[in-house]
Amino acid sequence: MHSNAKAAPMAAVSHTPAQAPGPHQAASVEEIVQTFEEADHHEVSLAGYQPEDWICLAMFWTMALLVFLQFFSRYVMNDSYAWTEELAVYCLIGVVFLGSAMCVRACRHIQVDFLYRYLPKPAGRALSTAIDILRTAFFGYAVWLTYRYIVLVGDEPMTTLFWNKSYVYWVALAGFAMMFLRSLQVSLQNWRQGYSILENPAAYESLD
């Protein structure tokens, strides 16, 4: 009797039909499908990219190909090309300086905006304007210093290719010049709109 009494509720549980999915589950599946459909119809726009972006991209992929050639020649051909390492380093220098110009244009360099939360709006506006002026002046000074360095170096050759090393310094000079121009552009934009990313970070979140 005891075995039958225990078996009865177990049988009742085992034969309980599964619950049908509710309407909220079906709606969630439809939302997922709609999300994929919207992603498929998303249009890619290249309007926001500037010349330094494309030059930096070309240098990056050139550097990647040089690094691949270096590993291939060393571990597959057992005859490493020494010039690939030096050229990859120079391409990395170009990526750094031109990439810095991209960050200046997009206001994506390291910045501390904690103090602006507690400053009055006029004081925050004055401090932000001073930072724009100092940043632009620094980049202009860096352009002058880099040019002076190129003049002093002269025709110093590279180590493996015996090309003129001043080509690399001219790329750095171009990067600083682009940073100066972009900083001037950003400063004028901040002056016209009445705030910068330091004062109003939320206005720049849509750029990410």
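The model is predicted, so local features need pLDDT of at least 70 and side-chain atom pairs count only at pLDDT 80 or more, while totals for chains, interfaces and linings use all residues. Residues are numbered from 1 along each chain as its sequence is written, and side-chain values use heavy atoms, with hydrogens and water left out.

**Salt bridges overall**

- Side chains of opposite charge can pair when their charged atoms come close.

**Glu52 and Arg105**

- Glu52 and Arg105 form a salt bridge through their side chains, at 2.8 Å from N to O.
- Glu52 belongs to helix H3 (residues 51–75) and Arg105 to helix H4 (residues 82–106), so this pair ties together parts that are 53 residues apart in sequence; helices here are DSSP runs of H or I with at least four residues, numbered from the N terminus.
- Glu52 counts as buried at 2% relative accessibility, whereas Arg105, at 24%, counts as partly exposed; buried means under 20% relative accessible area, exposed over 50%, and partly exposed in between, with a 1.4 Å probe and protein chains only.
- A network of salt bridges links Glu52, Asp53, Arg105 and Arg182.

**Arg125 and Glu199**

- A salt bridge of 2.8 Å, N to O, joins the side chains of Arg125 and Glu199.
- This pair links distant parts of the chain, 74 residues apart, with Arg125 in helix H5 (residues 121–153) and Glu199 in the segment after helix H6 (166–193).
- Arg125 is buried with a relative accessible area of 16%, while Glu199 is partly exposed at 23% relative accessibility.

**Asp132 and Arg135**

- The side chains of Asp132 and Arg135 are paired in a salt bridge at 3.0 Å, N to O, and both residues lie in helix H5, three residues apart, which is about one turn of the helix.
- Asp132 is buried, at 6% relative accessible area, and Arg135 is partly exposed, at 23%.

- Phe68 is placed in helix H3 and is exposed, with a relative accessible area of 56%.

Definitions and conventions: A salt bridge is a side-chain nitrogen of Lys or Arg within 4 Å of a carboxyl oxygen of Asp or Glu. Helices (H or I, at least four residues) and strands (E, at least two) are DSSP runs, numbered from the N terminus.
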